[in-house]
Amino acid sequence: MKKITIILLLGSLIVTAASSYAYLRSTYTMDTENSVVYLPQDDPADAKFPEGAKIYKAKCVACHQLTGLGIPNAFPPLKDSDYLMADKKRAVRQVLNGSHEEMVVNGVTYNMPMPFQVDTHEDAVNVINYVLNAWGNDGGTITVEEVKDIKIVRP
Ligand code: HEC
């Protein structure tokens with residue numbers, strides 16, 4: 001191999017290694033719309049709402065994903081969701097009782113069932129307070145007091 005080829009190869013290896021290292025060390029990255037997405041392990045919401053973060057990672061990630069972006073046309077996003085931001089109490093009811101109805105989130109219609117996820121008002125409030133503030137969301141919080149009249153309905 002020519003010396004110059006070896007130098008070029010080594011050079012590109014170093015650049016690749018350096019940028020992967022920078023990516024792994026960074027606290028956030030950008031999504032396709034260029035807004036900030038915190039990498040899951042560095043999201044400030046994890047420290048602020050540890051109980052909710054735990055529930056989210058155990059129960060919600062399969063559909064709504066670690067990024068909160070959901071799966072286009074199947075599972076709606078929770079990051080920057082106009083539907084979530086519009087009504088915190090409705091979101092608590094969503095995780096307590098689930099739903100199967102047409103839902104328009106950020107202009108996209110969803111109509112797959114979401115099974116109920118938690119059995120207590122405390123767990124529901126914890127996980128909703130987490131999603132209201134994860135991934136750069138700035139949705140405020142809700143208290144158990146505000147939702148205690150929601151009836152838990154089981155099929
Ligand atoms: C099996 C997949 C699945 C799981 C698990 C799941 N969801 Fe959902 N979620 C959905 C679907 C599908 C919808 C739309 C439901 C409809 O159209 O009736 C939805 C809708 C929502 C909405 C309202 C729409 C929006 O994007 O703002 C919220 C809030 C929500 N889910 C939160 C959660 C939380 C929090 C958890 C975990 C505790 C969770 N979901 C677990 C599938 C899921």
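**Figure 1. Buried residues of helix H5 in the predicted model.** Ala 91, Val 92, Val 95 and Leu 96 are the buried residues of H5. These residues lie on the same side of H5, because they cover an arc of only 135° around the axis. The structure shown is a predicted model. The cover over the buried residues of H5 includes H4, H6 and helix H7 (144-147). Just after H5, Gly 98 adopts a positive phi of about 70°.

**Figure 2. The largest nonpolar core.** This core comprises 21 residues. Tyr 56, Val 92, Ala 124, Val 127, Ile 128, Tyr 130 and Val 131 have the most contacts inside it. Two or more residues of the core are given by each of H3, H5 and H6. The greatest contribution, seven residues, is that of H6. In soluble globular proteins, nonpolar side chains tend to be buried together.

**Figure 3. Surroundings of Val 127.** Val 127 is among the residues with the most contacts inside the largest nonpolar core. When residues up to four places away in sequence are not counted, Val 127 touches Gly 52, Ile 55, Tyr 56, Val 95 and Val 118.

**Figure 4. Surroundings of Asn 126.** Asn 126 is located in helix H6. Asn 126 counts as buried because it has 21 C-beta neighbours inside 10 Å, the threshold for burial being 20 or more. Leaving aside residues up to four places away in sequence, Asn 126 touches Phe 49, Glu 51, Gly 52 and Ile 55. Gly 52 and Ile 55 are also touched by Val 127. The C-alpha atoms of Asn 126 and Val 92 are 9.3 Å apart in space, while the two residues are 34 residues apart in sequence.

**Figure 5. The shell around the ligand.** The ligand is surrounded by 29 residues, of which Cys 60, Cys 63, Pro 76, Leu 84 and Met 114 are the closest. At least two residues of this shell are supplied by each of helix H3 (50-64), helix H4 (82-86), helix H5 (88-97), strand E3 (103-105) and helix H6 (121-133). H3 provides the largest share, six residues. Divided by class, the shell contains 20 nonpolar, seven polar and two charged residues.

How values were computed
Residues are numbered from 1 along each chain as its sequence is written. This is a predicted model: local features need pLDDT of at least 70, side-chain atom pairs count only at pLDDT 80 or more; totals for chains, interfaces and linings use all residues. A residue is near a molecule or strand if its C-beta atom, placed from the backbone, lies within 6 Å of it. Helices (H or I, at least four residues) and strands (E, at least two) are DSSP runs, numbered from the N terminus. Ala, Val, Leu, Ile, Met, Phe, Trp, Tyr, Cys and Pro count as nonpolar, Asp, Glu, Lys and Arg as charged, and the others, Gly among them, as polar. A residue is buried if 20 or more other C-beta atoms lie within 10 Å of its own, exposed if 12 or fewer, and partly exposed in between; C-beta atoms are placed from the backbone. The arc is that of the directions from the helix axis to the C-beta atoms. Two residues are in contact if their C-beta atoms, placed from the backbone, lie within 7 Å. A nonpolar core is a set of buried Ala, Val, Leu, Ile, Met, Phe, Trp, Tyr and Cys residues joined through C-beta atoms within 7 Å.
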